[in-house]
Amino acid sequence: MDNRKLTSRRRFLCLTGGLAAGMVLPAIPSTVRADQKEGAGALNPVEDLMREHGVLRRILLIYDESANRIRRKKELPPGVIEDSTHILRRYIQDYHEKLEEEEIFPRLQNDERLNSLIAILTTQHEAGRRLTDSILEFFKPGTVTPTKPKTEQKTEQKMPAAMEQIYGGTPLITHLLGKETPEMKMTAKGIPHSKQDLLIAMEQFVRMYRPHAAREDTVVFTAFQSIVSPRKFIEVGEKFKNRGRELFGEHGFEETVESVADIEKKLGIYDLSKFTAEA
Ligand SMILES: [Fe+2]
Ligand SMILES: [Fe+2]
């Protein structure tokens, strides 16, 4: 990472992103450290994956807070779930998880101590993508209509139809509806069509991904690091860096963290001191 090009705000966000994720980085073999000197400041592939888990964990917090507010019928700023889910899809599922599936999992799946774990993690990636499809489907234009169209009051800040329905708890995807009730589960296509279904999809996602990321951090990444040669380790790191640059530009991570932080600010959960225990 070339910090010289970063604004002070971005440097701050980069740091807070790492700290918020509670990252504990494994020891790097001295040979690898020596090889990395030419790219001083460059992250190795495990550090890269772990900081991406930091992004994931912050989105899980956004899901937690959003689901909580919907349940308690509290204000939820428009765009929060949709925007965070788009980041999740693009940065975590289409980038981070693809790298795991291409570079990490194949190197471990022939190890009999790890193969069942790798199979579960792969299945969870697939389940996560289905849940994300469902959540995004909820916000597609034209898939919802307001139940009680509000008259022109507050026209400037009119709540999007999807959000009106979240609060209203009425069926959401009208073109799929017969006599569905708000309490009905996913449709055959896995599309949520009530606020209850949106909540279920988000909560299932959070429940699955917290242990998923924790297991990768504590078992999978360290196993990967221990079986590949130092040279291969660096090579994989280069691949990660190049893919990230291709997809997101030079400062893709910092900009992603910044986008997540903006959503946290909208929700009022950016200030880390709010999470400090009172005891
Ligand atoms: Fe994963
Ligand atoms: Fe991961």
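Begin with the crossing of helices α3 and α7, which is left-handed (the near helix is turned anticlockwise from the far one by less than a right angle). Select residues 45–71 for α3 and residues 195–227 for α7: the two pack at an angle of about 160°, with their axes 9 Å apart. This makes α3 roughly antiparallel to α7, a term for angles over 145 degrees. The residues of this contact comprise 15 nonpolar, three polar and seven charged.

The model is predicted, and local features need pLDDT of at least 70, whereas side-chain atom pairs count only at pLDDT 80 or more and totals for chains, interfaces and linings use all residues. Residues are numbered from 1 along each chain as its sequence is written, while chains are lettered from A and ligands numbered from 1 in the order in which they are written.

Next, select residues 230–248, helix α8.

Within α8, colour F233, I234, V236, G237, F240 and G244, which are buried (20 or more other C-beta atoms within 10 Å of the residue's own; exposed means 12 or fewer). These residues cover an arc of only 160° around the axis and therefore lie on the same side of α8. On the face turned away from that side, select the exposed residues R231, E238, N242, R245 and E246. Then move to G249, which follows α8 and has a positive phi, near 85°.

Finally, display the whole chain. The secondary structure comes to nine helices and zero strands (helices are DSSP runs of H or I, at least four residues; strands of E, at least two). Of the 279 residues, 32% count as buried.

Conventions:
The arc is that of the directions from the helix axis to the C-beta atoms. Axes are lines fitted to C-alpha atoms, for helices over the stretch in contact, and angles run from 0 to 180 degrees between N-to-C directions. Angles under 35 degrees count as roughly parallel, over 145 as roughly antiparallel, 65 to 115 as roughly perpendicular and the rest as oblique. Ala, Val, Leu, Ile, Met, Phe, Trp, Tyr, Cys and Pro count as nonpolar, Asp, Glu, Lys and Arg as charged, and the others, Gly among them, as polar.
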